[in-house]
Amino acid sequence: MKAQEEAVYREIQRNAENAITAIETVWDKVYDTDLSLQISRQSLKYAQIRGEAMQALLDENATPYRSNQLADMKLKAAIHYNTLLNTSTGRIAELMIRERNEGRVQLERVLRNNEEAGEKPRALARQLMEFQQKSIKNLQDYL
């Protein structure tokens with residue numbers, strides 16, 4: 001496996017893990033049943049994509065992404081801070097949309113910097129980006 005392919009797979013894995021962490025962090029703050037169902041479905045899809053990226057890395061004896069506890073704590077703290085006084089459905093949706101947008105930008109950057117990566121990692125990255133865009137569109141209904 002090329003180093004560029006590893007970089008793309010690791011970013012996919014990292015990106016999906018961040019999305020799952022964000023969902024788990026807001027989970028107990030969501031009081032809207034429809035939004036709760038929406039983010040539960042999203043979490044399952046992120047887990048599936050993360051698993052595909054991790055499996056591709058493991059199949060090639062490459063080291064998968066290992067989450068950084070400091071980064072996880074920073075993400076969780078930001079979510080808790082931004083929902084300290086406002087846990088409305090619209091606020092939760094806004095935070096989730098913001099997180100999805102950041103993820104898309106990071107994936108686009110990694111793809112641009114690793115143009116020699118093969119089609120499989122690029123296709124999985126595009127699948128994740130399309131899912132993030134669809135998630136954003138679905139979450140906009142809750143603003």
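Analyst: Begin with burial: buried means under 20% relative accessible area, exposed over 50%, and partly exposed in between (1.4 Å probe, protein chains only). This is a predicted model: local features need pLDDT of at least 70, side-chain atom pairs pLDDT 80 or more, while totals for chains, interfaces and linings use all residues. Residues are numbered from 1 along each chain, and side-chain values use heavy atoms, without hydrogens or water.

User: Is Glu94 buried or partly exposed?

Analyst: Glu94 is partly exposed, with a relative accessible area of 31%. Arg91 is buried, at 17%.

User: How many salt bridges does the rule give?

Analyst: A salt bridge is a side-chain nitrogen of Lys or Arg within 4 Å of a carboxyl oxygen of Asp or Glu. The count is seven. One of them joins Glu94 and Arg91, N to O 3.4 Å. Another pairs Arg104 with Glu108, at 3.5 Å between the closest N and O atoms. Shared partners link Arg91, Glu94 and Arg98 into one network.

User: At what angle do α2 and α4 pack?

Analyst: Helices are DSSP runs (H or I, at least four residues), numbered from the N terminus. Axes are lines fitted to C-alpha atoms over the stretch in contact, and angles run from 0 to 180 degrees between N-to-C directions. Helix α2 (residues 33-59) packs on helix α4 (residues 89-113) at about 20 degrees, axes 11 Å apart. That makes α2 roughly parallel to α4 (angles under 35 degrees count so).

User: Which residues of α2 meet α4?

Analyst: Contact means heavy atoms within 4.5 Å. Leu35, Ile39, Gln42 and Tyr46 in α2 meet Thr89, Ile92, Met96 and Arg100 in α4.

Key: Helices (H or I, at least four residues) and strands (E, at least two) are DSSP runs, numbered from the N terminus. Angles under 35 degrees count as roughly parallel, over 145 as roughly antiparallel, 65 to 115 as roughly perpendicular and the rest as oblique.
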